[in-house]
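I opened the model to look up two things.

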Amino acid sequence: MPDFGAADTELDAFRAEARDWLKTHFPTSLKGKGGLMAQEGVAPSGGDYEVWRKAMGEKGWGTPTWPKAYGGGGLSPHQARVLQQEMNAIGAWNPIGGMGVMMFGPTLLEYGNEAQKSRHIPPIVRAELRWCQGFSEPGAGSDLASLQTKCEDKGDHWLVNGQKIWTSGAQWADWCFCLVRTDTSKKHEGISFLLIDMKTPGVETRPIRLISGNSPFCETFFTDVKVPKENLVGPLGGGWTIAKRLLQHERSGLSGAGGGRGAGGAALPKLAKSYLGEDGEGRISDSDLRARVASNEMEWRAFQLTALRSMAEAKSNQGPTAATSIMKNAGTRLMQERAELTLEIMGSQGLGWEGEGFSSEELGAVRSWLGGKATTIYGGSQEVQSNIISKRILGLPDPLSQS
Amino acid sequence: MAVLTEEQSMLRDAARTWTQEKSPVSAFRKMRDSGAPLGYDPAVFAEMAEMGWTGVIIPEAYGGSDFGYLSLGLILEETGRTLTASPMLATALAAASALILGGSEAQKSEWLPKIAAGEVVGTLAVDEGPHHRPEKVATKATKSGGGYTISGAKTFVLEGMAAGLMIVSARTSGAETDAKGISLFLVPADAKGVSRKALKLADSRGVANVSFDRVEVGAEALLGAEGEGHALLEKVLDRARAGLSAEMLGSAVQAFETTLDYLKTRVQFGQVIGSFQALQHRAAKMFTDLELARSCVEAALTAIDNDSPDVPELVALAKTKVGDTLHLVSNEMVQMHGGIGMTDAHDAGLYLKRARATEATFGGQSYHRDRYARMQGF
């Protein structure tokens with residue numbers, strides 16, 4: 001039978017364990033306050049936030065499916081899902097997040113050597129160090145493999161010179177996982193995967209102000225930065241393969257399929273009723289909006305069912321299935337639509353930028369709406385994702401090879 | 001594709017082999033061109049029954065294999081791929097479900113073995129207009145003697161001409177749109193006062209309007225409790241909608257694959273048209289929708305097999321999502337084939353016509369979107 005999370009006694013036992021542990025360790029003062037996490041990928045420091053982060057970090061449940069050997073939770077995907085459900089049920093959220101968890105960790109677990117894993121994974125599990133991603137460059141966006149940041153072999157160290165852009169959270173990051181060019185004679189095979197300590201002399205970051213008013217991204221400059229030889233991950237010139245794998249992790253995280261994000265605002269139907277009222281039969285009074293809210297709710301359900309299905313299939317077929325490839329485009333489109341609907345439901349109140357006269361939910365809505373526009377641009381734009389589906393899944397010819 | 005048991009994989013493979021070899025789209029075309037009066041080829045249907053397909057959801061005690069709805073969905077997906085014309089949907093899915101869910105021991109013993117063997121075609125006669133509105137029932141059943149007298153008219157009855165048994169909704173009390181007061185009756189098609197008129201629809205399948213003029217049935221014809229037929233009918237319809245969704249998924253997948261093949265072979269401007277990004281991205285969108293639709297369909301069928309409480313919402317979701325997807329894919333099939341897609345000689349038109357007929361059957365997308373919203377309390 002298909003496995004859509006049917007009842008299972010082992011899972012029930014784990015559910016009880018998770019419920020108990022969460023009850024003991026989740027500070028009730030933080031109930032539903034995962035919003036900041038979702039925006040910055042990092043929880044505020046101090047107080048109950050600190051307590052909660054420490055508890056989850058030590059338990060390894062912030063990275064539930066990572067191996068116990070490096071401090072992870074060692075849970076099965078189904079157990080991780082149960083944990084998420086139990087957290088949702090009490091308004092708890094995962095305080096361990098960011099690039100290290102979403103992208104770098106899973107990739108290092110796959111491609112790193114023992115020394116690299118032992119050194120870098122545990123601090124990610126405990127959210128002690130923050131990572132940023134040095135991939136895009138001013139001249140290398142969707143065509144990432146044309147990147148130019150130069151990395152020279154100087155015998156006892158690497159010497160890095162160049163510029164990265166859209167480096168998420170670089171201003172707060174302790175480390176950067178970076179794509180650098182170690183060979184200029186080959187395009188893809190000339191790229192290597194390098195770990196750079198952001199405190200190294202010659203590293204400079206400048207935040208970029210976005211349409212949302214936030215500055216989650218930076219320009220990052222490398223000027224004669226010396227990097228230890230042991231910071232190369234995988235073989236020299238093998239960076240592109242690692243990067244592709246990493247982007248898969250990024251895309252599954254960005255689509256929302258990873259399920260690790262804290263619970264967002266109120267559900268759309270409830271929100272619509274509170275702003276627009278309902279008719280005698282309990283329907284949202286604006287029938288056009290009601291239909292579009294219904295559509296989005298249903299698409300969202302279809303998306304979640306697909307995430308479950310691809311999980312069940314991956315488990316039984318031992319590998320990612322075709323369904324996985326669609327998740328980023330489908331998920332980001334739905335989230336953007338949701339943000340648009342939220343704004344429309346709130347009317348002019350939803351356009352409040354700052355100051356008095358607006359609820360924090362309203363002020364948050366306008367920022368999320370704008371910030372969310374980036375999701376179909378980064379991590380492989382919507383168009384690049386469609387190219388990937390066309391080429392790799394559907395077997396359609398590469399338009400570039402034809403010309 | 002859902003994770004299947006070994007039996008289910010074998011069933012699906014057998015269905016795929018049989019439909020591809022014995023019932024390709026060309027067979028449907030031949031049936032259409034021959035003007036077959038029932039809208040299907042009885043010899044082909046007999047073969048399907050012989051393979052046990054008509055008894056997949058029927059308990060073993062009544063001559064079926066009790067394989068469940070997901071299993072039947074696997075078969076329907078394959079028949080949907082090749083547009084196989086047969087009364088499977090009406091009889092092996094809808095009528096069988098009605099008897100399994102609402103039938104007394106005597107009713108099940110009388111009808112289920114015949115349905116399982118393909119000897120009798122059963123169907124639902126529930127709609128009374130051009131739109132699916134199962135709660136709107138003007139047909140009346142009044143008590144007379146020891147039984148009932150039924151009068152009224154039903155529209156767009158699937159396999160209406162072939163049916164030997166009709167499951168008819170009629171009002172035993174209440175006003176025309178009340179949920180309460182609807183009762184279901186088992187009416188043999190040869191009962192006195194039943195008359196039917198074949199309708200020719202764009203998809204060339206068997207559909208009829210049926211009228212009931214003072215049709216007398218015994219008390220034993222009542223299916224379930226008197227006046228409580230609406231809840232039973234909804235359960236039956238949800239099973240029919242889920243199975244139909246599987247058929248629609250199959251049609252959509254095939255329409256897409258046929259189109260994809262064309263994109264890879266048709267050459268214009270010195271290159272295959274599938275190398276054009278404008279078409280690639282539309283193909284990627286269709287593929288995405290197909291994957292999402294498949295998840296919904298399989299979840300709905302699985303929920304039925306598990307007798308899960310979320311069957312109604314998952315079915316509304318599945319019918320809507322697969323309906324939207326089939327709508328898109330069938331239109332794109334014509335558009336991407338260009339002029340050849342407009343010709344009757346090409347299969348695109350057959351998929352397009354069948355798409356709209358299945359979308360309308362048992363409630364279209366807007367019907368189920370509204371229904372989903374109501375179930376979610378908005």
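**Pocket lining, then interface**

I began with the second largest pocket: α7 (229-265), α9 (311-337) and α11 (365-375) of chain B each supply at least two residues of its lining. Helices here are DSSP runs of H or I with at least four residues, numbered from the N terminus. This is a predicted model, in which local features need pLDDT of at least 70 and side-chain atom pairs count only at pLDDT 80 or more, while totals for chains, interfaces and linings use all residues. Residues are numbered from 1 along each chain as its sequence is written, chains are lettered from A in the order in which they are written, and side-chain values use heavy atoms, with hydrogens and water left out.

I noted that α11(B) gives the most to this lining, with 7 residues. I listed 27 lining residues; B:His132, B:Glu135, B:Glu234, B:Tyr367 and B:Arg371 lie nearest the pocket centre. By class I got 8 nonpolar, 8 polar and 11 charged residues in the lining.

Next I turned to the interface. I found 43 residues from chain A and 46 residues from chain B in the contact (heavy atoms within 4.5 Å). The two chains bury about 3,800 Å² between them, 63% of it on carbon and sulfur atoms (accessible area lost on being put together, 1.4 Å probe, summed over both).

I counted 5 salt bridges between chain A and chain B (a side-chain nitrogen of Lys or Arg within 4 Å of a carboxyl oxygen of Asp or Glu). One pairs A:Arg309 with B:Glu291, the closest N and O atoms being 2.7 Å apart. On the side of chain A that touches chain B, α9(A) gives the most, with 17 residues. That side divides into 23 nonpolar, 10 polar and 10 charged residues.

Technical notes: Ala, Val, Leu, Ile, Met, Phe, Trp, Tyr, Cys and Pro count as nonpolar, Asp, Glu, Lys and Arg as charged, and the others, Gly among them, as polar. On a 1 Å grid over the protein atoms alone, a cavity is a set of points where a 1.4 Å probe fits but cannot get out, and a pocket is an open set with protein on both sides within 12 Å along at least five of seven lines; lining residues have an atom within 4 Å of a point.
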